[in-house]
Amino acid sequence: MKSTIKYRIEETLVQVIHDDGEVVVKRAVWVEGEGLCAIYDLDENWFPYVCTLSGDLGHMLATHCVNVVEIN
């Protein structure tokens with residue numbers, strides 16, 4: 001039997017923006033799962049930021065000098 005990961009996708013669109021103002025990821029969603037947090041890039045169809053430690057994605061983003069900002 002194939003193992004599955006339960007996850008939740010926030011419906012809110014976000015952008016990932018570098019501290020210098022450059023938009024790194026234009027349209028993305030926040031994904032949370034069992035032992036997984038990620039940002040999914042809707043335009044490129046991939047996960048540029050993935051963290052397997054719960055709650056540690058914010059720290060990882062900070063080390064890349066980027067912030068997640070909600071967009072309309």
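The model is predicted. Strand β2, residues 14–18, pairs in the antiparallel sense with strand β3 and also runs antiparallel to strand β6. A search of the whole structure finds 1 salt bridge, formed by Asp 43 and Arg 27.

**Strand β2 and its partners**

- Of the 5 residues in strand β2, 4 are buried, so the strand is mostly covered under a cut-off of under 20% relative accessible area.
- Strand β3 spans residues 23–33 and is joined to β2 by 3 bridges.
- Within this pairing, Val 16 has Val 25 of β3 as its bridge partner.
- The hairpin of β2 and β3 has 4 residues between the strands, and Gly 21 there adopts a positive phi near 100°.
- Strand β6, residues 66–70, is connected to β2 through 5 bridges.
- In that antiparallel arrangement, Asn 67 of β6 stands opposite Ile 17.

**The salt bridge**

- In the salt bridge between Asp 43 and Arg 27, the closest N and O atoms are 3.0 Å apart.
- Asp 43 belongs to the loop between β4 (36–41) and β5 (46–51), whereas Arg 27 lies in strand β3; the pair therefore ties together parts that are 16 residues apart in sequence.
- Asp 43 has a relative accessibility of 40% and so counts as partly exposed.
- Arg 27 is likewise partly exposed, its relative accessible area being 34%.

How values were computed
Residues are numbered from 1 along each chain as its sequence is written. This is a predicted model: local features need pLDDT of at least 70, side-chain atom pairs count only at pLDDT 80 or more; totals for chains, interfaces and linings use all residues. Side-chain values use heavy atoms; hydrogens and water are left out. Buried means under 20% relative accessible area, exposed over 50%, partly exposed in between (1.4 Å probe, protein chains only). Helices (H or I, at least four residues) and strands (E, at least two) are DSSP runs, numbered from the N terminus. Two strands pair if DSSP finds at least two bridges between them. A salt bridge is a side-chain nitrogen of Lys or Arg within 4 Å of a carboxyl oxygen of Asp or Glu.
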